[in-house]
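Visitor: I have a model open and some questions about its packing. Can we go through it?

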Amino acid sequence: MIAAAENAYIVRFRRVLEHIDAHLDEDLTLERLSGVAAFSKYHFQRQFSDLFGIGVHEYVKLVRLRRASYRLALPAREQARIIDIALASGYESPEAFSRAFKKAFGQTPSEFREQPRWDPWHATHLRLIETRTLPLQAVHRAEDVKILRFEETRVAAVEHRGDPKRILESVRQLIAWRKDNGLPPRTSATFNVLYDDPAETPPEAYRADICAGIRRPVSGNPFGVVEKAIPGGRCAVLRHVGCEDALYAAVKYLYATWLPASGEELRDFPLFLQRVRFFPEVPDHEAITDIFLPLQ
């Protein structure tokens, strides 16, 4: 009975976090957020900070700054003006936005757009990961896993080698190549091939490929993009809906729970992901990632 009450309590706060993600451009007042959770506004601040270890206003600020950092470093379309990003982040002027951004990430927005420093960025992002892990972790079941035949897919790939904290630098390279070749995500599927487990691999030895589906050969380019193929074959597929921070739990479910009970054997090719919808093009909780586990 106590566990059921705890779960219901967490669900109410999950609604709050999802509401924040979906309405970052709007005025997220204490009255509004406490109403989403159906809690008294007189207690909501303490409930939030005691559960998550961070105040609700600080949380909203960090989520807005995180989205701003993605829009600066990984523009999916045309680069937005810094003033527009500032206004969308709840700041009345670029100067106020710049001060807050530099305090959070150690660089001004223009410096971060030009050459991001990922270590300070990850240090700030870690606060959000620790806050969001419990309420945003999905519960997976065996019936969520489908077995299908994946068709061989040619891809343009940036081979990321080294610290996974710097993987967004490789993402930036692929985005630049895509723009140069007129292959946006809406016409070219996005894949990640994960050779190593970041939790078990020394940072300098970590390997992953950041990929875009192609129909014509990859020519010489200054972005370090090479042509590869994801082989066809049977795969177990688990769709993960939600933020990147909870993706590891979905992968762990496939390996630790589903696979031993399935009777299946793995094929000699790494785990790979297809990014169907991704942040910041959609709110975090609406992101969709299909996880492919190659089977014999």
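Visitor: Where is Asn192 found?
Guide: Asn192 sits in strand β3 (residues 190-194); strands are DSSP E runs of at least two residues, and helices H or I runs of at least four, numbered from the N terminus. This is a predicted model, where local features need pLDDT of at least 70, side-chain atom pairs count only at pLDDT 80 or more, and totals for chains, interfaces and linings use all residues. Residues are numbered from 1 along each chain as its sequence is written, and side-chain values use heavy atoms, with hydrogens and water left out.

Visitor: Asn192, buried or exposed?
Guide: Asn192 has 8% relative accessibility, so it counts as buried (under 20% relative accessible area; exposed is over 50%, partly exposed in between; 1.4 Å probe, protein chains only).

Visitor: What does Asn192 touch?
Guide: Leaving out residues up to four places away in sequence, Asn192 touches Asp209, Ile210, Leu271, Phe272, Leu273 and Arg275 (heavy atoms within 4.5 Å).

Visitor: New topic. Which residues touch the most other members in the largest nonpolar core?
Guide: Phe97 and Trp177, in a core of 32 residues. Such a core is a set of buried Ala, Val, Leu, Ile, Met, Phe, Trp, Tyr and Cys residues joined through side-chain atoms within 4.5 Å.

Visitor: And where does this core lie?
Guide: Domain 1 (1-134) and domain 2 (142-294) both contribute residues, so the core lies between them; the bounds come from an automatic or database domain assignment.

Visitor: Which residues of α9 are buried?
Guide: Among them are Leu168, Glu169, Arg172 and Trp177. Just after α9, Gly182 has a positive phi of about 65 degrees.
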